[in-house]
Amino acid sequence: MLWLLAACGPGEETAETEVDGEYAYTIRCGYCHDVPNGIGAELTPRVLATYSTVGGLDRYLRFAMPHETPGSLPSAEYDAILAYLIESRELVEDGGDPRELPPSTELRVIATESRGTER
Ligand code: HEC
């Protein structure tokens, strides 16, 4: 999906939906959270569901991550990464488009522990 990023030339308005959440997660978060002995914990459904709601997880990510430079990402990347995590870890039942969920939507552990975190 690299072409999506490449397609946005300088000066072009970039719609938020054009950020690829999986790609953004991989380059922004994966080197701490998705590697053996990384300094961040593996982001399993159970870990993420402790943030209770879509809005709760969103606030935490924007406030605390990436760990070394909190709040440093463009807003569209936080949105895309949040949506990617919700979808890949199956945190919402029949959620439809994960970008359209109201902040009050509850996060649940639907998948088994290993789903979405296996490589
Ligand atoms: C430089 C390494 C690093 C990067 C990059 C990073 N994190 Fe973290 N992350 C950590 C560490 C360390 C903790 C534990 C923080 C604490 O307990 O204060 C953490 C905690 C978390 C937690 C809470 C886990 C729990 O057990 O409650 C989540 C969720 C999370 N990170 C998501 C992300 C996301 C999403 C990104 C990308 C936007 C990201 N992190 C980028 C190191 C990192």
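A residue is called buried if 20 or more other C-beta atoms (placed from the backbone) lie within 10 Å of its own, exposed if 12 or fewer do, and partly exposed in between. Keep in mind that this is a predicted model, where local features need pLDDT of at least 70, side-chain atom pairs count only at pLDDT 80 or more, and totals for chains, interfaces and linings use all residues. Residues are numbered from 1 along each chain as its sequence is written.

**View A. Arg-62 in helix 5.** Arg-62 belongs to helix 5 (residues 54-64); helices are DSSP runs of H or I with at least four residues, numbered from the N terminus. With 15 other C-beta atoms within 10 Å, Arg-62 is partly exposed. Leaving aside residues up to four places away in sequence, Arg-62 touches Gly-71 and Tyr-78 (contact means C-beta atoms, placed from the backbone, within 7 Å). Asp-79 is 17 residues from Arg-62 along the chain, and their C-alpha atoms are 9.5 Å apart.

**View B. Helix 2 meets helix 6.** Helix 2 (residues 21-28) packs against helix 6 (residues 75-88) at about 100°, with axes 8 Å apart. Axes are lines fitted to C-alpha atoms over the stretch in contact, and angles run from 0 to 180 degrees between N-to-C directions. The two helices are therefore roughly perpendicular, a label for angles of 65 to 115 degrees. Helix 2 contributes Gly-21, Glu-22, Ala-24, Tyr-25 and Arg-28 to the contact, while helix 6 contributes Glu-77, Ala-80, Ile-81, Ala-83 and Tyr-84.

Note on methods: Angles under 35 degrees count as roughly parallel, over 145 as roughly antiparallel, 65 to 115 as roughly perpendicular and the rest as oblique. Two residues are in contact if their C-beta atoms, placed from the backbone, lie within 7 Å.
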